[in-house]
Structure formats: C-alpha cells, structure tokens
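My plan is to go from the whole chain down to single residues.

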Amino acid sequence: LLKEFDSSPAFVRPIELLFGAPPRHSHDMLFGAAGANGPELYRNSIKYGTWFLVAQIVLVGFQIVARDIGVLLHQPMSPLVGRPDKVVPELILFGSVVSVALAQLWLVPNTFLNYCLITSIEQFMNEDIAEECEVIPTNVPEGSV
C-alpha cells in the first residue's frame, strides 16, 4: 500500500521537486516529491496561507465590504459612490470572497494539528516493529536510512 501512495498531485510535483530533497527514511517518503523538506514546506504553507487569508479578510472585509454596507445603510460617513447600481453586486462578490476566506481560516487549526502529529511521530518510530509490519518500503534510496 505504501509503495502505491503518492501525495503529490501531477501539477504540484514540479514545485515539490524544485524545493524538495531526497527522502532520508520512510517517514520522509510520505511527503511525496518534497521528501526530507516536506515538514518545512508543510509548515511554511500553513504559515503563509494563514497570513494571506488574514490579510484578505482585513483588506477586503474592512475596505470594500464595510464601505458597501455603509452605502446601502445610507451612513452619513460613507463615501460617495460613482455607480450606485453596482454596489449590491460588488457586495455579493466581495462578501463571498470574505466568506470563503473565513471558511478556509476555520480549517487552519486542524491542519496545524496534523502538522504537529506528522512531525512528532517520526522520533517515536520503532524500526524493528515497522519492519515486521512491512511499513518501511524496500525502495528507500541507499544511504538515506
């Protein structure tokens, strides 16, 4: 089963090969083409993805969406609008962008817990038991174990 496992989709594989490193042991093979750099790439993707989502929510939510809601509620402090007929479609579009970003941000804690799990179990792996269970594949490159 492990020999058939491939965590790298075809369109992501070239990027993982560019930033990846050969696997040192079977645990690194679970990261696909990223190999030994898998935990670092995974951590950075969580970090940068989270900051991108927060920036998107702040900029779009507090600039465009808040302004459009103010215009629709006829707030005296809301800016003048050049095309009032476009406010509702703009609010729907950018409101949905903020909603999707909030939904993705909701997934970050589980993704971070998965990262903590996969980076911490590596140290506790018992090689003898893993070999008996045929968890360690035989096609690990020489000198990488």
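I read the elements from the N terminus on, and they run α-α-α-α-α. I note that this is a predicted model. My tally for the protein chain is five helices and zero strands.

Next I looked up burial. Of the 145 residues in the protein chain, 24% are buried. The accessible surface comes to about 10500 Å². Carbon and sulfur atoms hold 67% of that surface.

I then checked contacts between residues at least 6 apart in sequence. Among these, 54% join residues at least 24 apart.

Helix H4 took up the next entry. It covers residues 87-120, which makes 34 residues.

Which residues of H4 are buried? I listed Val 87, Leu 91, Val 98, Ala 101, Val 108 and Tyr 115. Part of their cover comes from H3.

That sent me to Asp 68, which is found in helix H3 (residues 38-72). Is Asp 68 buried or exposed? Its relative accessible area is 1%, under the 20% cut-off, so I call Asp 68 buried. Leaving aside neighbours within four places in sequence, Asp 68 is in contact with Val 87, Glu 90 and Leu 91.

Ile 15, Leu 18 and Phe 19 make a nonpolar patch of about 340 Å². Ile 15 lies in helix H1, residues 13-19.

Notes: Residues are numbered from 1 along each chain as its sequence is written. This is a predicted model: local features need pLDDT of at least 70, side-chain atom pairs count only at pLDDT 80 or more; totals for chains, interfaces and linings use all residues. Side-chain values use heavy atoms; hydrogens and water are left out. Helices (H or I, at least four residues) and strands (E, at least two) are DSSP runs, numbered from the N terminus. Buried means under 20% relative accessible area, exposed over 50%, partly exposed in between (1.4 Å probe, protein chains only). Contact means heavy atoms within 4.5 Å. Patches are made of residues with over 30% relative accessible area and no salt bridge: like charges are joined within 9 Å, nonpolar side chains (Val, Leu, Ile, Met, Phe, Trp, Tyr) within 5 Å. Accessible areas come from the Shrake-Rupley method with a 1.4 Å probe; for residues, only the protein chains shown count as cover. A salt bridge is a side-chain nitrogen of Lys or Arg within 4 Å of a carboxyl oxygen of Asp or Glu. The expected span of a helix is 1.5 Å times one less than its number of residues.
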